[in-house]
Amino acid sequence: MVAEALRLDAVSRVYGESGTRVTALDNVSLVLPQGSFTAVMGPSGSGKSTLLQCAAGLDRPTSGRVFVDGEEIADGSEAALTKFRRDRIGFVFQQFNLLPTLTVMQNVTLPLKLAGRKIDRAGARAVLERVGLGDRLDHRPSELSGGQQQRVAIARALVSRPSVLFGDEPTGALDTRSARDVLVLLQEAVQVYGQTVVMVTHDPVAASYADAVLFLADGRIVGHMPRPTADAVAAQMTHLGDLVGV
Ligand SMILES: Nc1ncnc2c1ncn2[C@@H]1O[C@H](COP(=O)(O)OP(=O)(O)O)[C@@H](O)[C@H]1O
Ligand SMILES: [Mg+2]
């Protein structure tokens, strides 16, 4: 029995007031086991980012519950939510979001510092070596390529040993080769280190690195594809496009 890393029970997220209501997520339930790599795909506006933000405790569902490692994301104070995120969640964005004035090492250890945790420089260095940046510890983000910056962001997300690592189009701003490096890194985090990864992407090739793909349309899960190939994912996406008229 593999333990659950992430569970969503009937999660909905509605934005706006009556006249402009948008149901971004509509009653989504899912369970992802520890050590799984899931890609989330769907047309623009289908709720992918909202799903990630709710699952990661960055946004609060309008209804429904989210569990990480079996523990429900607190419905409590903002401080409690922040602590939950710092302890259990890693998040990687399309635009890296590194702090330009800090070095690579300082960027990676910042979350530990903010969480008031002991700064394990040897551990941070080991993670940076894993992502191939062991010789760039004192560089600033502007001295690195986009692919290298994203690998710093992944190291920063991994250093606190999160239960789940989320990426919202983490390869969206990268060239093909850098994207591949990042995808291999995520795959290795799962296969070698047992990390759980959930990645939004619009690229069927990127999705094919995952163990399974979840397809969203109009805020609902409309498909699940284990062992995806790029061709099969592309075909399914075309079909989804037909369904929702994009
Ligand atoms: N903060 C917000 N306020 C109002 N509507 C939003 C907000 N965020 C997202 N939406 C709407 O929710 C729907 C899903 O958005 P999103 O999750 O960003 O989709 P995706 O990431 O799949 O492109 C869209 O119709 C979008 O316009
Ligand atoms: Mg999005």
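Q: Two residues are in contact if their C-beta atoms, placed from the backbone, lie within 7 Å. With this criterion, what covers the buried residues of α5?

A: This is a predicted model, in which local features need pLDDT of at least 70 and side-chain atom pairs count only at pLDDT 80 or more, while totals for chains, interfaces and linings use all residues. Residues are numbered from 1 along each chain as its sequence is written, and chains are lettered from A and ligands numbered from 1 in the order in which they are written. Helices (H or I, at least four residues) and strands (E, at least two) are DSSP runs, numbered from the N terminus. A residue is buried if 20 or more other C-beta atoms lie within 10 Å of its own, exposed if 12 or fewer, and partly exposed in between. The cover of the buried α5 residues includes β6 (89–93), α3 (104–114), α4 (121–130), β7 (164–168) and α6. Since 12 of the 13 residues of α5 are buried, this helix is largely enclosed by the rest of the structure.

Q: How is the reach of helix α5 to be read?

A: The expected span of a helix is 1.5 Å times one less than its number of residues. Helix α5 (residues 146–158) reaches 18 Å from its first C-alpha to its last, close to the expected 18 Å.

Q: Which residues have the most contacts inside the largest nonpolar core?

A: A nonpolar core is a set of buried Ala, Val, Leu, Ile, Met, Phe, Trp, Tyr and Cys residues joined through C-beta atoms within 7 Å. The largest one here has 65 residues, and Ala-155, Leu-186 and Val-198 have the most contacts inside it. Helix α6 (residues 176–191) gives the most to this core, namely 7 residues. Ala-155 is also among the buried residues of α5. Apart from neighbours within four places in sequence, Leu-186 is in contact with Phe-37, Val-197, Met-199 and Tyr-209.

Q: In a regular strand the side chains alternate between the two faces of the sheet. Which residues of β3 lie on one side and which on the other?

A: Phe-37, Ala-39 and Met-41 lie on one side of β3, Thr-38 and Val-40 on the other, and all of them are buried. Two strands pair if DSSP finds at least two bridges between them. Strand β3 (residues 37–41) is joined by 4 bridges to strand β8 (residues 196–200), and the two run parallel. A further 4 bridges join β3 to β9, again in parallel. Thr-38 stands opposite Val-198 in β8, and its bridge partner in β9 is Ala-212.

Q: In what order do the strands of the open sheet stand?

A: The open sheet has 4 strands in the order β2-β1-β4-β5, with antiparallel pairing. Because β2 (22–33) and β5 (71–72) each have a single partner strand, they stand at the edges, and one side of each is left without a neighbour in the sheet. Strand β1 (residues 4–15) is joined to β4 (residues 63–68) by 5 bridges, with Asp-9 paired to Arg-65. Between β1 and β2 there are 8 bridges, and one of the pairs is Val-14 with Thr-23. The hairpin of β1 and β2 has 6 residues between the strands, and Gly-16 there takes a positive phi near 80°.

Q: Which elements give two or more residues to the shell around ligand 1?

A: A residue is near a molecule if its C-beta atom, placed from the backbone, lies within 6 Å of it. Ligand 1 is surrounded by residues including Tyr-15, Gly-16, Val-22, Ala-24, Lys-48, Ser-49 and Thr-50. The elements in question are β2 and α1 (48–55), and α1 gives the largest share, 3 residues. Helix α1 is itself mostly covered, with 7 of its 8 residues buried. Gly-57 follows α1 and has a positive phi, near 75°.

Q: Most residues other than glycine have a negative phi, and most peptide bonds are trans. Is Phe-96, with its 22 C-beta neighbours inside 10 Å, buried or exposed?

A: Phe-96 is not a glycine, yet its phi is positive, at about 65°. Phe-96 sits in the loop between β6 and α3 and, with 22 C-beta neighbours inside 10 Å, counts as buried. Asp-218 likewise has a positive phi, near 50°, and belongs to the loop between β9 (212–217) and β10 (220–226). With 16 other C-beta atoms within 10 Å, Asp-218 is partly exposed.
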